[in-house]
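Here is a quick tour of one protein model. Have the sequence and the 3D view open as you read.

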Amino acid sequence: MSAPLAVISAASLWGPYKDIWQAVVNAIWKRQPEAIHLLDQILKKHKPDFISLFRNPPKNAQQHEKVQKANTEGVAIQGQQGTRLLPEQLIKEAFILSDLFDIGELAAVELLLAGEHQQPRFPGLTRGLVAVLLYWDGKRCIANSLRTLIQSRRGKTWTLELSPELVSITAHFTDELMEQGLTHKILTLVSQIDVNTEFEKLQKERGLGSEKHRKE
């Protein structure tokens, strides 16, 4: 695997969620028969991500120290071999991102590296601003995946007319999530997430770019 792809897959708050969403799209919306088995595997692998819905990896004193010394000692990045030296500026940005979203320091580094790799797709944006987009894109992917999985169930008044095998997989999976308190988690998140508050936090840390960046 090439280094750029490794960087993408290592962004634990973005890459895996993009993979989940793509698997859901292929199996449910594009109705690709060969995608059903892959979706089943991915759902089993990432079940904890749905159960913990939107929960970020917490800050960690050990990670903080490792990232702080990464400009001289390097740091291990998930999906890459060995250690990687990080520029001082990237380290500073990682701590800002960690504070902004209350996420683990290594997860912040991963987002910035992925943001740096994705910069050509977002002309005029810094890697930090792209990292902000990727963070929320990851949330969007997991939310859209969950919504589509629930829609794929056979209801009393609707059906997507999917194969019995696929419906069995998604119904069983979402039943398990319900048993784990999914409904309560969703209602709690709806009451807690405030768009204006999130924008204010981003504005304070210069995490908002142009009007185009805000819309994206």
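This is a predicted model: local features need pLDDT of at least 70, side-chain atom pairs count only at pLDDT 80 or more; totals for chains, interfaces and linings use all residues.

## Ground rules

A word on burial to start with: buried means under 20% relative accessible area, exposed means over 50%, and partly exposed is what lies in between (1.4 Å probe, protein chains only).

Numbering starts from 1 along each chain as its sequence is written, and side-chain values use heavy atoms, with hydrogens and water left out.

## The overall layout

The protein has twelve helices and two strands; helices here are DSSP runs of H or I with at least four residues, strands are runs of E with at least two, and both are numbered from the N terminus. Reading from that end, the order is α-α-α-α-α-β-β-α-α-α-α-α-α-α.

Of the 216 residues in the protein, 44% are buried. Take the contacts (heavy atoms within 4.5 Å) between residues at least 6 apart in sequence: 64% of them join residues at least 24 apart. The accessible surface, from the Shrake-Rupley method with a 1.4 Å probe and, for residues, with only the protein chains shown as cover, comes to about 12,300 Å², and carbon and sulfur atoms account for 53% of it.

## Helix α5 against helix α6

Look at α5 (residues 61–68) and α6 (residues 88–101): their axes come within 10 Å and cross at roughly 155°. That makes α5 roughly antiparallel to α6. The axes are lines fitted to C-alpha atoms, for helices over the stretch in contact, and the angles run from 0 to 180 degrees between N-to-C directions. Under 35 degrees counts as roughly parallel, over 145 as roughly antiparallel, 65 to 115 as roughly perpendicular, and the rest as oblique.

On the α5 side, H64, V67 and Q68 meet I91, A94 and F95 of α6. The residues of this contact split into four nonpolar, two polar and no charged. For that count, Ala, Val, Leu, Ile, Met, Phe, Trp, Tyr, Cys and Pro are nonpolar, Asp, Glu, Lys and Arg are charged, and the others, Gly among them, are polar.

## An aromatic cluster

There are four aromatic pairs in the structure. Rings of Phe, Tyr and Trp (its six-membered ring) pair if their centres lie within 6.5 Å; planes under 30 degrees apart are stacked, over 60 edge-to-face, and the rest tilted. The F101 and Y135 rings have centres 3.7 Å apart and planes at 10°, so this pair is stacked. F101 sits in helix α6 and Y135 in helix α8 (residues 127–151), so the pair ties together parts 34 residues apart in sequence.

F101 also pairs with W136: the ring centres are 6.1 Å apart and the planes at 85°, so this one is edge-to-face. It too links distant parts of the chain, with F101 in helix α6 and W136 in helix α8, 35 residues apart. F101, Y135 and W136 form one aromatic cluster. F101 has a relative accessible area of 6%, while W136, at 30%, is partly exposed.

## Loop residues to check

Most residues other than glycine have a negative phi. F54, in the loop between α4 and α5, has a positive phi of about 70° although it is not a glycine; at 24% relative accessibility, F54 is partly exposed. D102, in the loop between α6 and α7 (105–118), also has a positive phi, near 55°.

H46 lies in the loop between α3 (35–45) and α4 (47–51) and, at 11% relative accessibility, counts as buried. Leaving aside neighbours within four places in sequence, H46 is in contact with P16 and I20.
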